[in-house]
Amino acid sequence: MSTHQWRGVIEEYRDLLDIPAGTPAITLGEGGTPLVHSGWLSDLTGGEVWLKVEGQNPTGSFKDRGMTAAVSVAVHEGAMACVCASTGNTSAAMAAYAAKAGITPIVLVPDGKISASKMAQALVHGAQVIRVRGNFDDCLKLSRGLAEAYPVALVNSVNPVRLEGQKTAAFEVVDRLGDAPDFHLMPIGNAGNMSAYWLGYKQYAAAGNATKRPVMRAFQAEGAAPLVLGHPVEEPETRATAIRIGNPASWALAEAARDESGGRFKALSDQKILEAQAALARNEGVFVEPASAIGVAGLFDDLASGDSYSGATVVITVTGHGLKDPATALEFFGEVREIVVDADIDAAAAAAGLV
Ligand code: AN7
């Protein structure tokens, strides 16, 4: 008996991706992530709610889909080094794929504002990490500037090849459900992922693989909500550091996705984001990082404000693994559960509430 080995998103979907013919796939086996049915959220909504669990990718976030494409094409075109700005996940992914490709990864991150786990990933994979006194938006300006002036490939999502890789998540959703969902909920930061899903859904519908396209609803943190406000935010702030972005690069594409799909952007408080993170972990067994919980927080908020998902098929992308940011999780929820006792059965039983 043989098992099917998933080949990564380039080989699984090569004919559907706009990348140069003959691009060799530099892959870590990304994609093919689980679409987990949520009985809990389905009961709450009266619909069918599914979670696209992107934390199951090789470096723990959805960024691997775009990065396999961007690094593969960069190498195909002769790059010896690549550069990105990042709130953490892009740099983790880039460092891993660059290591696999044998090229030099250069990472620009906002000093003090990325989680230790993501920093460790970039460093352990051998990236030159440059901590910038500034925010993500400043880092992106530097990243673009370096790529213009020096022989390094820019692999932020302003590189359209990134979106080609990332759109495969929409293909997987449709392949699994047999059609596009009615609604797709997700976080939005630099806006590449929503733009890419929309590309994928449109492409599949045009090819006859889906009968419809979903309504796209994307969520930002209140302190970093440029798309909701309609103007850039100078000093974005949120505990969901992955989406601490004030001037998204794919602004126009995301607005087009919103408008063409009849969707919308909405801002949510950090408190709601962190409560959704805990609720998802406790009710569904899915541990995601704070930014990744915002689609679930958005579903709750929509229901509270009277929106209905009854009878609808809903997909929520949870973008990154909970282990990406244990510090924030422990700070908010750890003390409640942790009790220290001596190595004694009675003390342990009392602490566990068994007596
Ligand atoms: C977990 O890593 O921008 O709207 O530099 O890490 O496509 O930017 C991360 C973004 C959502 C937002 N969830 O996606 C970076 C970076 C997680 C993320 C987003 C990010 P985009």
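Modeller: Helices here are DSSP runs of H or I with at least four residues, strands are runs of E with at least two, and both are numbered from the N terminus. The model is predicted, so to speak of local features takes a pLDDT of at least 70, and side-chain atom pairs count only at 80 or more, while totals for chains, interfaces and linings use all residues. Numbering starts from 1 along each chain as its sequence is written, and side-chain values use heavy atoms, with hydrogens and water left out.

Back to the helix. Seven of the 10 residues in helix 8 are buried, so the helix is mostly covered. Buried means under 20% relative accessible area, exposed means over 50%, and partly exposed lies in between (1.4 Å probe, protein chains only). The buried residues of helix 8 are T168, A169, A170, F171, E172, V173 and V174.

F171 leads on to the aromatic side chains. The model holds six aromatic pairs. The rings of F171 and Y204 count as stacked because their centres are 4.4 Å apart and their planes meet at 20°. This pair links distant parts of the chain: F171 sits in helix 8 (residues 168-177), Y204 in helix 9 (residues 192-206), and 33 residues separate them. Rings of Phe, Tyr and Trp (its six-membered ring) pair if their centres lie within 6.5 Å; planes under 30 degrees apart are stacked, over 60 edge-to-face, and the rest tilted. Both F171 and Y204 are buried. They belong to one aromatic cluster, together with W6 and Y13.

Next, the ligand. It is surrounded by 22 residues, and the closest are N89, G189, N190, A191 and T319. A residue counts here if one of its heavy atoms lies within 4 Å. The side chain of S86 has an N or O atom 3.0 Å from an oxygen atom of the ligand. For the side chain of N89 that distance to a ligand oxygen is 2.7 Å. G189 uses its backbone instead: an N or O atom there lies 2.7 Å from an oxygen atom of the ligand. On its own the ligand has 480 Å² of accessible area, and the protein covers 99% of that. These areas come from the Shrake-Rupley method with a 1.4 Å probe.

Now the charged side chains. The count is 19 salt bridges, each a side-chain nitrogen of Lys or Arg within 4 Å of a carboxyl oxygen of Asp or Glu.

R65 and E54 meet in a salt bridge at 2.5 Å, N to O. R65 lies in helix 3 (residues 63-76) and E54 in the loop between strand 2 (48-53) and helix 3, so the pair ties together parts that are 11 residues apart in sequence. R65 is buried, at 1% relative accessible area. E54 is buried too, also at 1%.

R131 and D111 form another salt bridge, at 2.8 Å from N to O. This one links distant parts of the chain: R131 is in strand 5 (residues 128-132), D111 is in the loop between strand 4 (104-110) and helix 5 (116-124), and they are 20 residues apart. R131 is exposed, at 55% relative accessibility. D111 is partly exposed, at 33%.

E11 pairs with R14, with their closest N and O atoms 2.9 Å apart. E11 is partly exposed, with 32% relative accessible area, and R14 is partly exposed as well, with 23%. There is also a network of salt bridges that links R264, K266, K272, D301, D302 and D307.

S72 lies in it. S72 is buried, at 0% relative accessibility. A polar atom of its side chain lies 3.5 Å from the backbone oxygen of P24. A polar contact is a pair of N or O atoms within 3.5 Å; within protein, one must be able to donate a hydrogen and the other to accept it, and residues adjacent in sequence count only if both atoms are side-chain atoms. Beyond its neighbours within four places in sequence, S72 is in contact (heavy atoms within 4.5 Å) with I10, T23, P24, A25, I26 and M67.

Last, G39 in helix 2 (residues 39-45). G39 is partly exposed, at 32% relative accessible area. From G39 to W50 the C-alpha distance is 8.7 Å, and the two are 11 residues apart in sequence.
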